[in-house]
Amino acid sequence: MPKVEASVPVDRASLLVVDDEPAVLKVTQMLLERRGYQVVACHSAEEALAWLGRAVFDVVLSDVQMPGMGGLGLLRVVHEQDAELPVILVTGNPTDEAEMVAKELRAFQYLTKPVRYERLNEVVADATHSSRRSSRSTK
């Protein structure tokens, strides 16, 4: 798969960003909005699922460890509803088991915190382009 130019996002792609840490969520939202993305920020997987029920997103970016439903549970539910929606998982406490489950559930990418901004931008751009190329954009 060819690499996408990370500095040029797909025209106003919409991202659903989920993290229970307010500071991390705010900074992530700010950085992605600077790149031209439309970002909806959620403090929980449950809040994210409510948004997914009423809006269309090109990419979901979620923390793995959160109170209540975590990122792996969110990934599972998202892919039950839309198997083609790219879900990027980010964790500060990586484990081989969680990474294996993420791969089995077809996470687009499993990243370890702290994530360099350039790397995050590259992965989000790749996921956005993948989402826009898939058949889900015609639904």
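**Close-up views of a predicted model**

View 1. The model is a predicted one, in which local features need pLDDT of at least 70 and side-chain atom pairs count only at pLDDT 80 or more, whereas totals for chains, interfaces and linings use all residues. Residues are numbered from 1 along each chain as its sequence is written, and side-chain values use heavy atoms, with hydrogens and water left out. Strand E1 (residues 14-18) and E2 run parallel and are joined by 5 bridges; two strands are taken to pair if DSSP finds at least two bridges between them. Helices (H or I, at least four residues) and strands (E, at least two) are DSSP runs numbered from the N terminus.

**View 2. The whole sheet and the order of elements.** The protein chain holds 5 helices and 5 strands, and from the N terminus on its elements run β-α-β-α-β-α-β-α-β-α. The 5 strands form an open sheet with parallel pairing, in the order E2-E1-E3-E4-E5. Its edges are strand E2 (38-42) and strand E5 (109-112), each of which pairs on one side only. On average, and with direction ignored, neighbouring strands of this sheet are turned by 20° against each other; axes are lines fitted to C-alpha atoms, for helices over the stretch in contact, and angles run from 0 to 180 degrees between N-to-C directions. Of the contacts in the protein chain between residues at least 6 apart in sequence, 63% join residues at least 24 apart, where contact means heavy atoms within 4.5 Å.

View 3. Buried residues (under 20% relative accessible area, with exposed meaning over 50% and partly exposed in between, for a 1.4 Å probe and protein chains only) make up 46% of the 139 residues in the protein chain. E1 is mostly covered, with 5 of its 5 residues buried: Ser14, Leu16 and Val18 point one way from the strand, and Leu15 and Val17 point the other way. E4 is also mostly covered, and 5 of its 5 residues are buried; here Val87, Leu89 and Thr91 point one way, while Ile88 and Val90 point the other way. In a regular strand, side chains alternate between the two faces of the sheet. E3 and E4 pair in the parallel sense over 4 bridges, and Leu61 stands opposite Ile88 in E4.

**View 4. The buried side of helix H2.** In helix H2 (residues 45-52), the residues Ala45, Ala48 and Leu52 are buried. These three cover an arc of only 55° around the axis, which puts them on the same side of H2; the arc is that of the directions from the helix axis to the C-beta atoms. An α-helix has 3.6 residues a turn, so residues three or four places apart point the same way. The buried residues of H2 pack against E1, E2, strand E3 (59-63) and H3.

**View 5. Helix H3 and its contact with helix H4.** Helix H3 (residues 71-81) and helix H4 (residues 96-104) pack at an angle of about 10°, with their axes 10 Å apart. H3 and H4 are therefore roughly parallel to each other, a class for angles under 35 degrees, with over 145 counted as roughly antiparallel, 65 to 115 as roughly perpendicular and the rest as oblique. Leu72, Leu75 and Arg76 in H3 meet Ala98, Val101 and Ala102 in H4. The residues of this contact divide into 5 nonpolar, no polar and 1 charged, where Ala, Val, Leu, Ile, Met, Phe, Trp, Tyr, Cys and Pro count as nonpolar, Asp, Glu, Lys and Arg as charged, and the others, Gly among them, as polar. The buried residues of H3 are Gly71, Leu72, Leu74, Leu75, Val77, Val78 and His79, and what covers them includes E1, H2, E3, strand E4 (87-91) and H4.

View 6. Met100, placed in helix H4, counts as partly exposed at 48% relative accessibility. The C-alpha atoms of Met100 and Tyr110 are separated by 9.7 Å, the two residues being 10 apart along the chain. Arg106 lies in the loop between H4 and E5, where its phi is near 65°, a positive value in a residue other than glycine; Arg106 is partly exposed, with a relative accessible area of 47%. The peptide bond from Lys113 to Pro114 is cis, with omega near -5°, and Pro114 is found in the loop between E5 and helix H5 (117-133).
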